[in-house]
Amino acid sequence: MKTSFLALRRRAAVGTVVSALVALSSATAFAQPDPFADYEAQKRGAPLPEVAHTEEPVEVVLPVKKGAFALGLRSAFAYSSTSAESLTGPSETNSTLFLRLAPALEYHVKDNLVVGASFGLLQKSIGREEGSGGRSETSWMPELSAQYDISLTKRLALMPGLGLGLYFGGSDRNLRLNTPGNPVVEESTSTFGVAVTVALRVGYQVSEHLQLRSGLGMFGTIGSESVSSQNVSLGTSSANITLPVELFYTF
């Protein structure tokens, strides 16, 4: 009787172990994807279960290939100030300001070769007669430009460029009238001329779409200033060494 009881206990223990192994096997089977089930689902036209994946990080490179666009803002700045003692009075001081601000659009027509167009604001100070000091001339300026990108690294490039544009705007000057007492009056004038830009920039791709440029530029103008009351046009010219700072969105 005792032997039968022990035998029953052994059978119960074996049964418990077998049941546990069967349950574990079933759980593992459910946890693993069944290729046969996927095959059957594909035959029925059902969508396959999505497989999780990790996106590859985007490599940041400066775009120099044909078809690349860039939209941004050009700026250039120059300022000088001088002072000299005078024999007849206080020291003579003079300052010259040059400021350019222009939105621009660029396109790579070939690998490394860029053409662009911009339209923006040009402001510079110009000299005046009879010690009346410099006056500010404000103009609008459309410009066409060309640039060649010379890659130094994946993110960095040397960017020599040339631009040609027109400027038109106005200023004012003091005029001494040929009337009794020779009074001096201030009169508005209109300006028009040609502008040339030569620049050696360095461009750096900060992120996938953001590009920063700076360097050294030379800017020159040749034009005229019309004084309507005197029915005369006076020649004007300027030359500036500038610091360009430019920010572009590339795509």
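Rings of Phe, Tyr and Trp, the last taken by its six-membered ring, count as a pair if their centres lie within 6.5 Å. In this predicted model, a search of the whole structure finds 5 aromatic pairs. A pair of aromatic rings is described by the distance of the centres and the angle of the planes.

One of the pairs joins F69 and Y107, with 4.7 Å from centre to centre and 45 degrees between the planes, a tilted arrangement. F69 belongs to strand β1 (residues 69–84) and Y107 to strand β2 (residues 92–110), so this contact ties together parts that are 38 residues apart in sequence.

F98 sits in strand β2 and F219 in strand β8 (residues 210–227), so the pair links distant parts of the chain, 121 residues apart. Both partners fall under the 20% cut-off for buried: F98 is buried at 1% relative accessibility, and F219 is buried at 4%.

Ring pairs link F69 and Y107 with Y249 and F251 into a cluster.

A charged side chain also meets an aromatic ring. R213 lies over the face of F248, 4.0 Å from the ring centre.

Methods:
Residues numbered from 1 in each chain as written. Predicted model: local features only at pLDDT ≥ 70, side-chain atom pairs only at ≥ 80, totals over all residues. Heavy atoms only, no water. Phe/Tyr/Trp six-rings, centres within 6.5 Å; stacked < 30°, edge-to-face > 60°. Helix = DSSP H or I, 4+ residues; strand = E, 2+ residues; numbered from the N terminus. Buried < 20%, exposed > 50% of the residue type's maximum accessible area, 1.4 Å probe, protein only. Lys NZ or Arg CZ within 6 Å of the ring centre and 35° of its normal.
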